[in-house]
Amino acid sequence: MNLPVIIKFVIDLLAVLLLALGIKGLSKVKSARDANRLAAFAMSLSVVGLLSYYLGTSGIAVQSWIWIIIGSIIGSLFGAILAKKVPMTSMPETVALFNGCGGMSSLLVALGVAIFPISGGQENFDFFKSLINEVSISVSIFVGAITFTGSIVAMAKLQGWLSTPGWTQSKVRHFVNIVFAVASLIAFFDLINGNTSSIWLLVIVSSLLGIGVTLPIGGADMPVVISLLNSYSGIAAAAAGFVVDSQLLIVAGAMVGAAGLILTQVMCKGMNRSLVSVLFGGSLSAQSTASSGSGEYTNITSCSVEECALTLEAANKVIIVPGYGLAVAQAQHTLREVTKKLEQNGIEVVYAIHPVAGRMPGHMNVLLAEADVPYEQLKEMDVVNPDFPATDVVLVLGANDVVNPQAKNDSSSPLYGMPVLDVQEARTVFVIKRGMSAGYSGIKNDLFDLPNTSMVFGDAKKVLNDLIGELKDLGVGEK
Amino acid sequence: MSFISLLWVLLLGSLLGLELIGKVPPTLHTPLMSGANAISGITMLAALTLIVKAEGNVPLLIIGSVSLGFALFNVVGGFFVTDRMLAMFSRKPSNKK
């Protein structure tokens, strides 16, 4: 072993260690920010390690430097700009976009190696070694392409650029996807047999497969898909690690792949969906429109903002249940003002955060933190559920399925078994909502029919602004 | 590296990933996902290798450079956006004036 090899080995080892510590640290609120920086540092360290290794051994041609600099500057610049500009509410689609680009990168590497086999490393031709090489190239392309097209479709759907086309809900889609999958398998074997041109077939059909699998999935399930695709991009990176013979890539890719799978599992649990039904079941609303024939509301009580303000003023304990609708209306800051007023009046205010509130686990925490809500006031579902019977007023803001009592009471409901917030146990429930439209699941919400529930119709931000006005008139929070 | 030892690396890496993520509060799932996502941009190393080993092959250089660009877009964007999210969590002591 010569010196550059030893140095690279040490740096790689250090980078893996720091990346692992980074991921570990990201799991605690206190250390998360430093851990993220640590991981970023580890990544730059790995680049330094790789470049110094090549400088010390084969040297790096000027031409290579030029292309390295061009690629780095453009990629980093766009990444940094997007990361600074994107609003917090669009976080899920941003992660999807970044993720897709990671997949694209793995795909391109494999494609490059496949078309122009790189010299070095394989001086003596070895059948076993070339087989491994071809398999890892194929895996890298297959997974990379699915990650890319799947993520782009997911992003487009979350942005509202793409709706779920009706035909994708029919059974035909399974047949189409199976055809794509079989075609990629054929291309794969053809490639191993030495037919290099079939690599293009592999690229095309696996891209189509990524689209075909993601397109039928409804908006509600998208976070799960993004998380799964995040896992895939790790797998694609690991496969690319086999292609260029880099342990560091394999370790880091495998870690991300495993992490993504765990996260996906957690999200599925929170939404009471199995991964299989997310991937192959199509959009949930399409399934349930047929089954929920009893979807008529019989006992809706609507009330004015003024009544709502009066009830709030008399309360001792208030629980806020924020949902994605709040984020869409960009009303988290207005909400914070309302709760500030209530707190000044000595009313205890707590936010009940369902595990999948917002559009990703933890998304709502980020949005509320952005509005300066103290971290201690955010309570997780299991912690807050026993508190509802002792609560005077619950404000449901843009949440729907996560407060549907059907999930507990009605075994025929598609929601049955999903963990929900027991808001109906509280004395009074106000649901602030634009209209009677159903939630993501498309299922009727029994909560709205209950006698202690009142609907306040209107845009969340406008209602909250009116509420501030009413509270002011009542002299709440002014001393 | 022999293929078998690379497989070991893959296996141990996966186990490490499973173990590391096991106990995360839901609060941090979105930042964690975005942080992990940034790490998956580690393919930038593969892209760099490709460029260094291209030996003047211009199409390969271009493919490598584009790949590097995509990977860095993922890495830089991912870490920045994660930092932005986490900055909001750590800001909380300041608003208790």
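How do H4(A) and H8(A) lie relative to each other? The views below start with that pair. This is a predicted model, in which local features need pLDDT of at least 70, side-chain atom pairs count only at pLDDT 80 or more, and totals for chains, interfaces and linings use all residues. Residues are numbered from 1 along each chain as its sequence is written, while chains are lettered from A and ligands numbered from 1 in the order in which they are written.

**View 1. H4(A) and H8(A) are roughly parallel to each other.** Helix H4 of chain A (residues 91–115) packs against helix H8 of chain A (residues 222–244) at an angle of about 25°, and their axes are 9 Å apart. Axes here are lines fitted to C-alpha atoms, for helices over the stretch in contact, and angles run from 0 to 180 degrees between N-to-C directions. Angles under 35 degrees count as roughly parallel, over 145 as roughly antiparallel, 65 to 115 as roughly perpendicular and the rest as oblique. Their crossing is left-handed (the near helix is turned anticlockwise from the far one by less than a right angle; clockwise would be right-handed). The contact of H4(A) with H8(A) has 17 nonpolar, 6 polar and no charged residues. Ala, Val, Leu, Ile, Met, Phe, Trp, Tyr, Cys and Pro count as nonpolar, Asp, Glu, Lys and Arg as charged, and the others, Gly among them, as polar.

**View 2. H14(A) and H18(A) also make a left-handed crossing.** Look for helix H14 (residues 332–344) and helix H18 (residues 460–473) of chain A, whose axes come within 9 Å and cross at roughly 25°. These two helices are therefore roughly parallel to each other. On the H14(A) side, the residues include Leu335(A), Glu337(A) and Lys341(A); among those they meet in H18(A) are Lys461(A), Leu464(A) and Ile468(A). The residues of this contact divide into 6 nonpolar, 2 polar and 3 charged.

**View 3. Chain B is built from 4 helices and 0 strands.** Helices (H or I, at least four residues) and strands (E, at least two) are DSSP runs, numbered from the N terminus. An unreviewed UniProt entry places "transmembrane region" at residues 33–52 and 59–81 of chain B. Residues 59–81 of chain B are 100% helix, with end C-alpha atoms 33 Å apart.

**View 4. Chain B meets chain A through 79 residues from chain B and 98 residues from chain A.** Two residues are in contact if their C-beta atoms, placed from the backbone, lie within 7 Å. H4(B) gives the most to the chain B side, with 30 residues. By class, that side has 46 nonpolar, 26 polar and 7 charged residues.

**View 5. Ala407(A) sits in helix H17 of chain A (residues 406–409).** Ala407(A) counts as buried, with 22 C-beta neighbours inside 10 Å. Not counting residues up to four places away in sequence, Ala407(A) touches residues including Leu415(A), Tyr416(A) and Met418(A).

Methods:
UniProt positions are given in the numbering used here, feature names are shortened, and annotations may be inferred rather than shown by experiment. A residue is buried if 20 or more other C-beta atoms lie within 10 Å of its own, exposed if 12 or fewer, and partly exposed in between; C-beta atoms are placed from the backbone.
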